Amino acid sequence: MATFYHNGTNYAPAPQRQTANIGSVLSMKGLAFDISAQGYKLSKNGKRPDKNTPLANTLSYNYGAREYVFQLLRKIASTTNHAGIIDFDDVRRNAGMTPSSLTTMLNEMRNQGLLCSANAYVVGMYVTLNPGADTFLQKTMHVLHVVSYLNSHYGNSIDEIYYDCHLTDKNTGRKYVLDVIYRIGGHVYFINTAMNQNLVNMPNMMERLTTNADRIRSNYSVVVSPSVNGGMVRMLLNRLTGDKASAVTVVPYDKLGMLCK
């Protein structure tokens, strides 16, 4: 016969506190990862190595000293035929690089597959970009380097990291793009890159960054060109954002350690 035990101890265990993931944090903000028509998340997993990350890291080394050349290459990338000349005197005057240093840099980029050709003439180097190199130089390179830096700095402490993140507002359907989103424990951080040296005079870009800061509200950072006055960018962004948004952090591309403080 069964017996009743008044002091039974088979209590249900206390519920364990669940660590929020990126998806749940976005949901609390009324946002979600955008999904393609085929059902794929329109964001890339930063835990999976990208084959172009080593090149992005190589090109980012001593970036500040060579930034002017990258600026010229991005201008060439925006042309119809993705080709143009880089003037020796112009680069010497604005970047302090000798013709031999510039030639070496561009020949290395040709060997790395970014340039289809790099031909030397008396006045400069005539370069032609390979297909896809324009997007890489204008955006992908910087985003991959930021993801690589964060993975290297934090190691296994990073629980989730995504890049090229397309988000949608669950109520309005409005779209947002964040370059990097990562989570450490219960904290989620959001990053955009804005590498144009003339950033403060680009109202459309400043408006996009301000809109993201207002919508994300907290833990939002912007990575900028080393030659940009980061203090000025920070002041403008924080002046333009609404009262509900936390202060925006602005970090130079050559001082990514500031993201980790």
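Q: How does the lining of the second largest pocket split by class?
A: This is a predicted model. In it, the lining of the second largest pocket has four nonpolar, three polar and four charged residues.

Q: Which residues line the second largest pocket?
A: Lys-44, Thr-135, Lys-139, Thr-140, Val-143, Leu-144, Tyr-163, Asp-164, His-166, Val-177 and Asp-179. Two or more of the lining residues come from each of H6, strand S6 (160-169) and strand S7 (175-184).

Q: What volume does the second largest pocket have?
A: About 170 Å³.

Q: What about the largest pocket, what's its volume?
A: About 320 Å³.

Q: Which residues lie nearest its centre?
A: Arg-74, Gln-138, Met-195, Asn-196 and Met-202. The lining of the largest pocket has 14 residues in total.

Q: Which elements each supply at least two residues of that lining?
A: Helix H3 (63-77), helix H6 (133-154), strand S8 (187-194) and helix H7 (203-216). H3 has the largest share, three residues.

Q: How does the lining of the largest pocket divide by class?
A: Five nonpolar, five polar and four charged residues.

Q: Switching to packing. At what angle do H3 and H6 pack?
A: At about 140°, with the axes 8 Å apart. That angle makes H3 oblique to H6. The cut-off for roughly antiparallel is over 145 degrees.

Q: Which residues make that contact between H3 and H6?
A: From H3, Tyr-63, Phe-70, Leu-73, Arg-74 and Ala-77. From H6, Asp-134, Leu-137, Gln-138, Met-141 and His-142. The contact of H3 with H6 divides into six nonpolar, two polar and two charged residues. Arg-74 and Gln-138 also turn up among the residues nearest the centre of the largest pocket.

Q: H3 packs on H5 too. How far apart are their axes?
A: 12 Å, and the angle between H3 and helix H5 (residues 99-111) is about 55°. H3 and H5 are therefore oblique to each other.

Q: Is the crossing of H3 and H5 left-handed or right-handed?
A: Right-handed. H3 brings Arg-66, Val-69, Phe-70 and Leu-73 to the contact, and H5 brings Leu-102, Met-105, Leu-106 and Met-109. By class, the contact of H3 with H5 has seven nonpolar, no polar and one charged.

Q: What about H4 against H5, what's the angle there?
A: Helix H4 (residues 88-95) and H5 pack at about 100°, and their axes are 9 Å apart. That makes H4 roughly perpendicular to H5.

Q: Which residues of H4 and H5 meet?
A: Phe-88, Val-91 and Arg-92 in H4 meet Pro-99, Leu-102 and Thr-103 in H5. The contact of H4 with H5 has four nonpolar, one polar and one charged residues. Leu-102 of H5 also touches H3.

Q: Last topic, backbone. What is the phi of His-82?
A: Near 55°, a positive value in a residue other than glycine. Most residues other than glycine have a negative phi.

Q: Where does His-82 sit?
A: In the loop between H3 and strand S3 (83-87).

Q: And what about the phi of Asn-219?
A: Near 55°, again positive in a residue other than glycine. Asn-219 is in the loop between H7 and strand S9 (220-224).

Notes:
Residues are numbered from 1 along each chain as its sequence is written. This is a predicted model: local features need pLDDT of at least 70, side-chain atom pairs count only at pLDDT 80 or more; totals for chains, interfaces and linings use all residues. Side-chain values use heavy atoms; hydrogens and water are left out. On a 1 Å grid over the protein atoms alone, a cavity is a set of points where a 1.4 Å probe fits but cannot get out, and a pocket is an open set with protein on both sides within 12 Å along at least five of seven lines; lining residues have an atom within 4 Å of a point. Grid points are joined across faces, edges and corners, and a volume is the space filled by probe spheres set on the points. Helices (H or I, at least four residues) and strands (E, at least two) are DSSP runs, numbered from the N terminus. Ala, Val, Leu, Ile, Met, Phe, Trp, Tyr, Cys and Pro count as nonpolar, Asp, Glu, Lys and Arg as charged, and the others, Gly among them, as polar. Axes are lines fitted to C-alpha atoms, for helices over the stretch in contact, and angles run from 0 to 180 degrees between N-to-C directions. Angles under 35 degrees count as roughly parallel, over 145 as roughly antiparallel, 65 to 115 as roughly perpendicular and the rest as oblique. A crossing is left-handed if the near helix is turned anticlockwise from the far one by less than a right angle, and right-handed if clockwise. Contact means heavy atoms within 4.5 Å.
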